[in-house]
Amino acid sequence: MQLLQPSDHTILLNLGIFLGHPNDVISPCLLQGGYPLEELSLKIPTPGYKPSSPERAAVPDLGYSSSENNAVLFLEAKGGGTDANQSERFQYIQNNPNTLVAIRNNLDIVSKNLNIDFGLLCTDIEKIKQNHNQTAIPFPVIFYDKKNKNLRYDDFNAITFRNNRISEIFSSPLYVPRVPILFIPFGPTEFNENMPYIVKNILMLVFEASQNLKKFDRVPSIEELLLIRFPMLNTMGKEEFDQIVTITNTVLERLFPDDSIASKYNLQRYVIHKKGKVYLRKMTLRKFLERLESALIDFEYNRRQTKQVTLSFNFSQQDVLPIPEINFEKFFGLDAIDFDEN
Amino acid sequence: MGYEILPKITSRKQMYSELDLAINNISQEKEKKEEETAQQRKYLKALIIESNSPINKITPDPNIVFLPTSDDDIKLLQLTRKNNISYSYLDMLDPRFWILYSLDTSEDIKREVKHLIVKNNSRLDYAWFSSTMLQKISSGYSKTSFSMKFQNTFENENIPMKKLAIRLWAEDASKIIDNLLSNEYIGKGACVSNIEIEHRSRQDSFVKTRLSMEGSINISNGTSIDEFLDYQHTIVQGHYKPIVEQIERDFTTNFSLNEGFSLNGSLLSIKLQQKISNIERVVNDILKGIHPFRFVGFANKISDDDYLLNVLDLHTFSHFDLEIYPDEIFINLPKGSCGNSALRLFALCQERIDPKATLRGDGYATIAA
């Protein structure tokens, strides 16, 4: 069984969803205050912001809107410090609502008198305050205090929401008994800490997809499967995303070898049902998954070692790329059941 | 002269007529053999099977053959055992919820149905009637008999008993059930596993049926098949199916992609009144990949009180996530998942973890499951 420590960013994303989505885990105070959650990771291009700098979109994590007030609230989840450049872009949008009106979104807004609020949702208020000493944080800060199980507005920078309604919503601490991470099981920052966990999730998607296909159909590409089920990964760095895909493809190619490109990753070819049990590659499915998990954890350990070694020899980022192999000999060489697949 | 097995039929009309005879015959036989124990009697059985697959995709054991009739949605299930052949009627009028009628012994037909469901990649499942659903369905009826069965499979220390099994007959057992459910000690293990009721849509006709947790209905007395069809329609089309559809419509999640993405649907949660004392045991056992849970997958330990499970449901090979806390189990079913899987988990939670568990939707809805 893998020990999993979801990142603070992932926890905050889920918390933000609960605030604006019907549930009975955490009081959905934003939903009840007229601000349902409408958008996640909305890409807002800011062409007018510093025209000389390369074009990049601002991507606030959570977007809520109140059609009654023609008002929008964006919350940015911060596990650690803040990013001055990002803050400036958010301020630009706040002062230029047309940037938001110009793009497709679900925020239910009209172009006139649009009121835009930004806020930070954080787990480490001390880090945010430290950051405040160096760079002013121009937005109100909502602090999730895990230890005391509450969510509260912190007025250390004396900035309140433009829309009083939102300030009222956060005027008293909100009890947060727990934050299930089911809505967003891992965020774009998770890869470095929880790689085996992410790869396991992807393999589940492949199992599922392959079982609904005809014998020689092709399972959709890993990229496609990933972005449909975990669209938040779209905001992940390209290099990390590519690494996830490469690792998963490597694992799948070795576990389910197949000369035919057309049938790649169709696990049906390796699945048999006998005596009420499901077997995959001559192992019970349970055994297979246990072994796979163990191999991925070993693999992750080796990957980190490799990374440390290569970094210590001052390799460039490009050179750090070689990916250590899963120990497939160990995977298949143990007590696999002698079972006739035919 | 009574029926020992159901005869061959060629059409729906003939099926109803034979079932009508069988019900009447049971009633006559019952009068003759009052001294016989309930186990010895051959009741007419109707087993509800939830299907995610057309019949031609199913590969039954060699001793089972599906024979055609003139109606596409009726098949004859020919079962051969020790050179004896018997027939049961498979009614697929509702392609999602099939009804298998049989006069074979309970033990025989249930074994075969279990093989059909569990032993191959059939995409079939039982219909799972939780204790609360059985109580709800039977409310308003006089209950002539009921069973309670609780197995503290995971050795939850917060439940004071290892197991509980009760079978009781009465002219009307409603108050006895209520008393047991509210009893301070027995109530903690009081999980209703079947309830017998008398259904009457008209003054002069009736049917006496016992509905069990796994969706099998025993017909022990009655006057006509019409009464039974009326009852069956009430529980399957009027109760069970709408809940499955509600789960699949409102309590499955997906993301719609735009410039950003938006979340649709809500989580399901199973709220427990008695906390689980040993979550790790629960996690390991439900992922064994065998009947009755039929789940396999990965468990991830977030803390002693928080486990995240990536689950593969062997019913449809769909993938979903569970997060288990001592007092609550959250379910995130992706859009397109089978709602029956959630009902299976819930019914089994009531039978093995906490009979007082409730299935909840999005904070506003306790699902009538």
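Two residues are in contact here if their C-beta atoms, placed from the backbone, lie within 7 Å. This is a predicted model, in which local features need pLDDT of at least 70 and side-chain atom pairs count only at pLDDT 80 or more, while totals for chains, interfaces and linings use all residues. Residues are numbered from 1 along each chain as its sequence is written, and chains are lettered from A, with ligands numbered from 1, in the order in which they are written.

1. Let's start with the two chains together. The contact pairs 42 residues of chain B with 48 residues of chain A. On the chain B side, at least two residues each come from strand 12 (252-257), strand 13 (261-264), strand 15 (295-303), strand 16 (306-313), strand 17 (318-325) and strand 18 (328-334). Helices (H or I, at least four residues) and strands (E, at least two) are DSSP runs, numbered from the N terminus. Strand 15 of chain B gives the most to this side, with seven residues. By residue type, the side of chain B that touches chain A holds 19 nonpolar, 15 polar and eight charged residues. For these classes, Ala, Val, Leu, Ile, Met, Phe, Trp, Tyr, Cys and Pro count as nonpolar, Asp, Glu, Lys and Arg as charged, and the others, Gly among them, as polar.

2. Strand 1 (residues 2-3) of chain A runs parallel to strand 15 of chain B, joined to it by two bridges; strands pair if DSSP finds at least two bridges between them. Within this pairing, A:Q2 stands opposite B:N300.

3. Please look at strands 12 and 13 of chain B as well, both of which supply residues to the side that touches chain A. They run antiparallel, with four bridges between them, and a hairpin of three residues joins strand 12 to strand 13. B:L257 has B:F261 of strand 13 as its bridge partner.

4. Now for the helices of chain B. The axes of helix 5 (residues 225-250) and helix 7 (residues 339-352) come within 8 Å and cross at roughly 110°. Axes are lines fitted to C-alpha atoms, for helices over the stretch in contact, and angles run from 0 to 180 degrees between N-to-C directions. Helix 5 and helix 7 of chain B are therefore roughly perpendicular to each other (the class for 65 to 115 degrees; under 35 is roughly parallel, over 145 roughly antiparallel and the rest oblique). Helix 5 contributes B:I243, B:V244, B:E245, B:I247 and B:E248 to the contact, and helix 7 contributes B:G339, B:N340, B:A342 and B:L343. Those residues comprise five nonpolar, two polar and two charged.

5. Helix 7 (residues 195-211) and helix 9 (residues 238-255) of chain A have axes that come within 10 Å and cross at roughly 60°, so the two helices are oblique to each other. A:I198, A:V199, A:I202 and A:V206 of helix 7 meet A:I244, A:I247, A:T248, A:V251 and A:L252 of helix 9. This contact has eight nonpolar residues, one polar and no charged.

6. One last item is a sheet in chain A. Its three strands form an open, antiparallel sheet in the order 11-12-13. Strand 11 (271-274) and strand 13 (283-284) of chain A stand at the edges with a single partner strand each, so one side of each is left without a neighbour in the sheet. Four bridges link strand 11 to strand 12 (residues 277-280) of chain A, where A:I272 stands opposite A:Y279.
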